[in-house]
Amino acid sequence: WNNVSSEWEWTLLDTEGVMVFHGSSKDALTAMSSYQELYVNALGCFSFVYSGKDVHFRLSEENADGDETDSHFVIGSLLNRGLLVGGVCVDNICNWKPNLTPISDDRSGIINRRNIDAVHVFVDISGSEVLVNRDSPQYHAACWVLHEDPMRTMPTDASFVQRYALASLYFATMGERWFERYSFLSGHHECEWGILRDNKNTYGVSYCDEQYRITAMDLSRNNLNGSIPKEFGRLLRLIQLNFWSNQLSGPIPDELFDA
């Protein structure tokens, strides 16, 4: 529900990133209502992608008897955000280190086109050898984008490569030990993976251009440990970067200079 004058939109995506349902303020305006309600048989794991500044979305899950088993209350922003919902969503599935095999989640043996295309992108960026190593930062980043990212982006989306690049950096520099996580690996749009401090400087992802491509980042004094992965160089519009006062080692990837 929302202010009638607000613009908002939501999409329900299946495991292949295909739109199952969609709603928007335009639809609600046609129906002369600021409220939309939808019932879905949520036997799968769906991605609920939503946007709309200060618009409220409420999702509830019910069992066969109609009893509520779970509830989510989220507030939209100008950029897309995502939330995984449904009866078979598995938390922290990448902790099990699953094979990056392009098979659908319903175990039917049906090939998942999104996974196939995604793996091709990962291999093109990182190479196959590093992705086979289930302890590598690239494997963990790819697994997160494939299975855990609530946005469930498609390989053709600009956000897909940006989120993979940022996730690779997170895992390569022990992101779980960062002083501040800056919403990394969250369902927020990656341009929102930052925090404004003292009404002056934004840390984490600092700026994006009008096409929502990352142009500036500040991860200074944040306890980054490790080396910068070459995948980080796929942030092609990055022009400002601050890694000052961290525990980074190794060479600066050539790909970063080509960005």
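Is Cys143 buried or exposed? Cys143 is buried, at a relative accessible area of 0%. Buried means under 20% relative accessible area, exposed means over 50%, and partly exposed lies in between (1.4 Å probe, protein chains only).

## Basis of the model

This is a predicted model, in which local features need pLDDT of at least 70, side-chain atom pairs count only at pLDDT 80 or more, and totals for chains, interfaces and linings use all residues. Residues are numbered from 1 along each chain as its sequence is written, and side-chain values use heavy atoms, with hydrogens and water left out.

## Disulfides

The structure holds 3 disulfides. A disulfide is taken as a pair of cysteine sulfur atoms within 2.5 Å. Such a link is a covalent bond between the sulfur atoms of two cysteines. With the bonded cysteines numbered in sequence order, the pairing reads 1-2, 3-4, 5-6.

Cys45 is joined to Cys89, with an S to S distance of 2.1 Å. The pair links distant parts of the chain, 44 residues apart: Cys45 sits in strand β3 (residues 45–51), Cys89 in the loop between β6 (81–86) and α2 (113–126). Helices (H or I, at least four residues) and strands (E, at least two) are DSSP runs, numbered from the N terminus. The Cys45 and Cys89 link is right-handed, with 100 degrees about the S-S bond. Cys45 counts as buried at 9% relative accessibility. Cys89, at 25%, counts as partly exposed.

## The left-handed links

Cys94 and Cys143 form a disulfide with sulfur atoms 2.1 Å apart. Cys94 lies in the loop between β6 and α2, and Cys143 in helix α4 (residues 137–148), so the pair ties together parts 49 residues apart in sequence. The torsion about the S-S bond of Cys94 and Cys143 is about -100 degrees, so this disulfide is left-handed. Cys94 is buried, with a relative accessible area of 7%.

Cys191 and Cys208 form a disulfide too, their sulfur atoms 2.1 Å apart. Cys191 lies in the loop between α5 (158–172) and β7 (194–197). Cys208 belongs to strand β8 (residues 201–208), so the pair ties together parts 17 residues apart in sequence. The Cys191 and Cys208 link is left-handed, with -105 degrees about the S-S bond. Cys191 counts as buried at 17% relative accessibility, and Cys208 as partly exposed at 26%.

## Aromatic pairs

The structure holds 14 aromatic pairs. Rings of Phe, Tyr and Trp (its six-membered ring) pair if their centres lie within 6.5 Å; planes under 30 degrees apart count as stacked, over 60 as edge-to-face and the rest as tilted. The rings of Phe122 and Phe160 have centres 5.4 Å apart and planes at 15 degrees, so the pair is stacked. Phe122 lies in helix α2 and Phe160 in helix α5, so the pair ties together parts 38 residues apart in sequence. Both Phe122 and Phe160 are buried.

The rings of Phe232 and Phe243 have centres 5.8 Å apart and planes at 40 degrees, so the pair is tilted. Phe232 is in the loop between β10 (225–226) and β11 (240–242), and Phe243 in the loop between β11 and β12 (247–248), 11 residues apart. Phe232 counts as buried at 0% relative accessibility. Phe243 is buried at 14%.

## Ring cluster and charge

Ring pairs link Trp144, Tyr170, Phe171, Trp178, Phe184 and Trp193 into a cluster.

Arg197 lies over the face of Tyr203, at 5.1 Å from the ring centre. A charge sits over a ring if NZ of Lys or CZ of Arg is within 6 Å of the ring centre and within 35 degrees of the ring normal.
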